[in-house]
Amino acid sequence: MKNTKRSFHFAVFSVVLLIVFTILGQTTRTAAHTINDITGYLITLFFVTVLLGVFFSVLSIRESYHWKKHVGIGVNFFFLVMTSLALIGNLKEAFS
């Protein structure tokens, strides 16, 4: 049950980070603001939480049934797939 809770908490934290990052992405940015640095740190933290969430989701597969387990697995793997597709798309654009 320990890994199930951790994967669920990382899924919730990833959702909150994504919402905050989306709100910050809508603000106007200039060189004088430190919001660019904050957004960069949030993106890095989002990547870390997605990777840790997937790691704990894989560890929680053998644990007993709980609804948090399935929510954590679903959300974390969805974010992993979407993040991977975004990274591949950006790399493809950068090298073409």
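Biologist: What are α1 and α2 to each other, roughly parallel or roughly antiparallel?

Modeller: They are roughly antiparallel to each other. Keep in mind that this is a predicted model. To judge a helix pair, look at the angle between the axes. Over 145 degrees counts as roughly antiparallel. Here α1, residues 2-25, and α2, residues 35-59, cross at roughly 155 degrees. Their axes come within 8 Å.

Biologist: What is the handedness of the crossing of α1 and α2?

Modeller: α1 passes α2 in a left-handed crossing. Now see what sits in that contact. Its residues divide into 17 nonpolar, seven polar and one charged.

Biologist: Let me step back. How many helices and strands are there in the protein?

Modeller: Three helices and zero strands. Along the sequence, the pattern reads α-α-α. The C-alpha atoms fill a box of roughly 50 × 30 × 15 Å, taken along the principal axes.

Biologist: Now the faces of the helices. Why do residues three or four places apart point the same way?

Modeller: An α-helix has 3.6 residues a turn, so residues at that spacing point the same way. In α2, the buried residues include Ile35, Thr39, Leu42, Phe46, Thr49 and Gly53. Val50, Val54, Phe56 and Ser57 are also buried there.

Biologist: Which helices do the buried residues of α2 pack against?

Modeller: They pack against α1 and α3, the latter being residues 67-94. Buried residues of α1 pack against α2 and α3. Among them are Phe8, Phe10, Ala11, Ser14 and Leu17. The buried residues of α3 are Lys69, Gly72, Ile73, Asn76, Phe79 and Thr83. Those of α3 pack against α1 and α2.

Biologist: At what angle do α2 and α3 pack?

Modeller: At about 135 degrees, with axes 9 Å apart. That makes α2 oblique to α3. The crossing is left-handed as α2 passes α3. From α2, the contact includes Phe46, Phe47, Val50 and Leu51. From α3, Phe77, Phe79, Leu80 and Leu87 are among the residues taking part. The residues of this contact divide into 11 nonpolar, five polar and no charged.

Biologist: Let me try single residues. Ser57 is found in α2. Is Ser57 buried or exposed?

Modeller: Start with relative accessibility. Under 20% means buried. Ser57 has 0%, so it counts as buried. Then ask what surrounds it. Leaving aside neighbours within four places in sequence, Ser57 is in contact with Ser7, Gly72, Ile73, Asn76 and Phe77.

Biologist: And Thr4, what does Thr4 touch?

Modeller: Thr4 is in helix α1. Thr4 is buried, with a relative accessible area of 1%. Not counting residues up to four places away in sequence, Thr4 touches Ser60, Glu63, Lys68 and Lys69.

Biologist: What is the relative accessible area of Leu52?

Modeller: Leu52 lies in α2. Its relative accessible area is 32%, which means it is partly exposed. Leu52 and His70 are 18 residues apart in sequence. In space, C-alpha to C-alpha, Leu52 and His70 are 16 Å apart.

Biologist: What part of the 96 residues is buried?

Modeller: Buried residues make up 28% of the protein's 96 residues. A last reading concerns contacts along the sequence.

Technical notes. Residues numbered from 1 in each chain as written. Predicted model: local features only at pLDDT ≥ 70, side-chain atom pairs only at ≥ 80, totals over all residues. Heavy atoms only, no water. Axes fitted to C-alpha atoms, helices over the stretch in contact; angles between N-to-C directions. Helix = DSSP H or I, 4+ residues; strand = E, 2+ residues; numbered from the N terminus. Parallel < 35°, antiparallel > 145°, perpendicular 65-115°, else oblique. Left-handed = near helix turned anticlockwise from the far one by under 90°. Nonpolar A, V, L, I, M, F, W, Y, C, P; charged D, E, K, R; others polar. Buried < 20%, exposed > 50% of the residue type's maximum accessible area, 1.4 Å probe, protein only. Contact = heavy atoms within 4.5 Å.
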